[in-house]
Amino acid sequence: MNLRTFKLLAAFLAIPVLAQDHSSEQSEAQITDPNAECTPYSYPPSAQYRSSFPTVWQPATLLASDAPGQALWSKIAGSIPNIPPKGQLNGSTINETYDIVNDPDCWWTAKHCVTPKLAGLPPDVFNIPEPKSMGYGFDDGPNCTHNVFYNYLASQNQKATMFYIGSNVLDWPLEAQRALADGHEICVHTWSHRYMTAFASQDAFAELWYSMQAIKVVTGVTPTCWRPPYGDVDDRIRAIANALGLQTILWQYDSNDWRVGLNNVTAADVDNAYRLFINNSTTGLFNNVGSILLTHELNNFTMQEAINFYPQLKSSFSYLVPVGVALNKTQPYKETNYSLPTFQQYISGQVTVAGNISNSATGPSTGSSSSSSSSSTPSSSSSPSNKNSSVSTAKAFSTCWTFLSAAAMLLFGLGL
């Protein structure tokens, strides 16, 4: 690079842009260097509530000091079936004494059962009703290096369902806020990502309850959907989730992207799983009822795979939509001032519906029933104009930064 090139590049980079720091969702969204993205940070609005939660990444237990949680558990405990725990937290296995043939507990791990045997429980969602459509979503977020991936989704005007781990949400609160700012649907993926049927009932409740509360504290919304890690769910766990107002969402096909490096699973195996799913679509398997593929925001490999195969998914399916949109679930959160578009609105180009949830910390729920968590209101600094303004600002700065980066690359290419 000659001196003139250096001076021109320096001049471009000297144009004021949003600081790349960890102070807000907008500034966090501008960071694309993985090392900078994954530098641990403390976000004061949510950090003040850390003592209200179990230790991150440890199996959750209901805290004695959590009066709302204790009250809600006392209210629903009597309705939870007396089904014993199964397997181990770190690796649920088929219990030798379990009746696999009759599968009395509708244990997904045993027979991929999705229609509960227990009366009063709704069936699991494992596909979508819209023909030749895909319920598009990702587990295990928010990942601290997801900005490039989320930037790609934004460039495609693509929304998805993000199944967030409660511990990740507290570790990476600004990344969780980005999902809401970008118009994605947020669901629960438990507190510590253990096998849910191995928990005692109160602890299983805690895994879901604290994940819901973490998302509420960080983003201002309380999810009404969840996905069990490894698909490990039975009627006891379904009953707990249902009492919390959570819809159980599974999948029909597994990309196996999360298995790379385990049990000799390779990147080529994941490519083949994607191709099989795409081939099933192109040959008409989903012409009457759509499908869901299990994919992950787990690491750079899984996110890059999603980017690599997105064009083929887009061309082989008529529509890729968040799961809630596919179900015409316009009320995705317990708070009533945020909506998803209907399926028809989404495929007609209206991929978001204006909401007025502020993506700022609000404090845990103080309600004592499964419906009362919506009674917690956003902080006094929250307002519709603040939320809409913050999203617009983020998009404006993103555009600005993209322009500057392109200009800098052009300068290098021209050798000015």
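Predicted model: local features only at pLDDT ≥ 70, side-chain atom pairs only at ≥ 80, totals over all residues.

Student: Which pattern do the disulfides of the chain follow, with bonded cysteines counted along the chain?

Tutor: Residues are numbered from 1 along each chain as its sequence is written, and side-chain values use heavy atoms, with hydrogens and water left out. In general, a disulfide is a covalent bond between the sulfur atoms of two cysteines; here the criterion is a pair of cysteine sulfur atoms within 2.5 Å. By this rule the count comes to 3 disulfides, and their pattern is 1-4, 2-3, 5-6.

Student: Where in the chain do Cys 38 and Cys 144 lie?

Tutor: These two cysteines form a disulfide with sulfur atoms 1.9 Å apart. The pair links distant parts of the chain, 106 residues apart: Cys 38 is in the loop between helix H3 (34-37) and helix H4 (44-47), and Cys 144 is in the loop between strand E3 (137-141) and helix H7 (147-155). Helices (H or I, at least four residues) and strands (E, at least two) are DSSP runs, numbered from the N terminus. The link is right-handed, with 85° about the S-S bond.

Student: Is Cys 144 buried or exposed?

Tutor: Buried means under 20% relative accessible area, exposed over 50%, and partly exposed in between (1.4 Å probe, protein chains only). Cys 144, at 12%, is therefore buried, whereas Cys 38, at 26%, counts as partly exposed.

Student: Why is the disulfide of Cys 187 and Cys 225 left-handed?

Tutor: Because the torsion about its S-S bond is about -85°. Cys 187 belongs to strand E5 (residues 185-188) and Cys 225 to strand E6 (residues 225-226). Cys 187 is buried at 0% relative accessibility, and Cys 225 is buried at 1%.

Student: At what angle do helices H5 and H10 cross?

Tutor: Axes are lines fitted to C-alpha atoms, for helices over the stretch in contact, and angles run from 0 to 180 degrees between N-to-C directions. The axes of H5 (residues 67-76) and H10 (residues 201-219) come within 11 Å and cross at roughly 130°. Angles under 35 degrees count as roughly parallel, over 145 as roughly antiparallel, 65 to 115 as roughly perpendicular and the rest as oblique; H5 and H10 are therefore oblique to each other.
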